[in-house]
Amino acid sequence: MIYLDNAATAKPCKEAVEALSHAAENNFGNPSSLHKMGIEAEKLMNEGKSAILKRLSKKDGEIFFTSGATESNNTIIRGVANALCRRGKTIITTAMEHPSVARVMDKLEAEGFNIVRLSPKDAIDNFEEYIADNITPDTILVSVMAVNNENGFITDTKKLYTLVKRQNKDIIVHTDGVQGFCKIPLTGDFISMSGHKVHAFKGIGAFYAAKGTRFLPLIYGGGQQKNLRPGTEPVENIAAFSAAVKAYPEDMSHFELLNQRLREGLAAFSDIRINSLIGKCVPNILNFSVLGVRSEIMLHSLEEREIYVSSGSACSKGKVSSVPDAFGMTDKEADSAIRVSMSHSTGEKDIDELLSGIEAGIKRFRR
Ligand code: PLP
């Protein structure tokens, strides 16, 4: 089996499995309990927060745990909009966002917010400046993903943050950091993360909130996590998330080599369009169109060889994605797009087998 769909979800690493099982056996106390078991569970949770802050290179600020990045994105965007709506009603975002951001924006728009959606295709070489140029006195929030989940396109969040704050330091910057966390540096007043994209488990996410930032909670309950995200904290899942973050390798050169091998292999076939721009995308994701073979046909043809890729974003199954249009792809290119997303256990042999599978798929199905 060759699993090349790590941007959809990544296999839990052994460190995460061990940490989960150890916590379930030994640290199953409620972090709010006053006795020793509670204190130990709280300690484990605080260690998780420290591991995430360290990986983000942050010295201060707060980590909140959630059920996943969908909840993180909803909480931040709505929480900031609700907190700042008296100051302004304009939110700047992009046309390439994950549905967990895009659908919240649609809802806020229906409620009277002014949502500005910018496309990378309109400023591919200076997207950060383009975003900042759209700021108006009414802008309260800028929400942009660090790495696009379908093609790996990077927005330089540090540059964007600096440009936004230079215009108005009170504008809040939210980074959907899901596909960038542990892979590239991330900056923002708020940063969303997801456990299952970094080899922890599904059902755990987090977000970073810079010191002094304000948002209103989405849910109400027992006062946990400063009353801003109440509910008994899933200590076992937090311990696994923390272990996965600590175990995630820093070095991306492995992906660069595999990415190059895949690009070179694809170059030998006719009518391939590479949708992940060289130098602008993370190396662990490569999106390309095999023109003349529909994505789903190629995906299932590869599946017959036990090679698993994606035809786009697994999270938007059955829904038309806005990403191809945001990057100026034609319908033909979008209909034949394949996303390969690697992990540190992907090897050269896997890439070669994928290339053989694509070659066979082209011979069999191209019209
Ligand atoms: N944001 C991005 C960029 C994603 O790729 C995903 C999932 O694919 C999410 C948010 C949602 O994450 P979760 O599955 O943790 O809800």
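Predicted model: local features only at pLDDT ≥ 70, side-chain atom pairs only at ≥ 80, totals over all residues.
Reader: Turning to the overall layout, which domains does the domain assignment give?

Author: The assignment gives domain 1, made of 2-9 + 250-365, and domain 2, made of 14-247. Taken over C-alpha atoms, the centres of domain 1 and domain 2 are separated by 27 Å, and their contact takes 29 residues from domain 1 and 25 residues from domain 2.

Reader: How should I read the size of the interface, and what area is buried between domain 1 and domain 2?

Author: The size of an interface is often given as the accessible area lost when the parts come together. Here about 2300 Å² is buried between domain 1 and domain 2, and carbon and sulfur atoms give 53% of that area. On the side of domain 1, the residues that lose the most area to domain 2 are Lys280, Ala326 and Phe327, which together make up 25% of what that side buries.

Reader: How many salt bridges and polar contacts are counted between the domains?

Author: Between domain 1 and domain 2 the count is two salt bridges, and 15 residue pairs are found in polar contact across the interface, both residues being at pLDDT 80 or more. Asp125 forms a salt bridge with Lys280, in which the closest N and O atoms are 3.4 Å apart.

Reader: Which elements supply the side of domain 1 that touches domain 2?

Author: Strand S10 (285-290) and helix H10 (323-326) each supply at least two residues of that side, and H10 gives the most, with four residues. By class, the side of domain 1 that touches domain 2 has 12 nonpolar, 13 polar and four charged residues.

Reader: Finally, how are aromatic pairs described, and how many are counted here?

Author: A pair of aromatic rings is described by the distance of the centres and the angle of the planes. In this model the count comes to nine aromatic pairs, among them Phe64 and Phe207, which are stacked at 5.1 Å centre to centre with 20° between the planes. This pair also links distant parts of the chain, with Phe64 in strand S2 (residues 62-66) and Phe207 in strand S8 (residues 205-209), 143 residues apart.

Technical notes
Residues numbered from 1 in each chain as written. Heavy atoms only, no water. Domains from an automatic or database assignment. Contact = heavy atoms within 4.5 Å. Buried area = accessible area lost by both parts, 1.4 Å probe. Salt bridge = Lys/Arg side-chain N within 4 Å of Asp/Glu carboxyl O. Polar contact = N/O pair within 3.5 Å; in protein donor to acceptor, adjacent residues only side chain to side chain. Nonpolar A, V, L, I, M, F, W, Y, C, P; charged D, E, K, R; others polar. Phe/Tyr/Trp six-rings, centres within 6.5 Å; stacked < 30°, edge-to-face > 60°.
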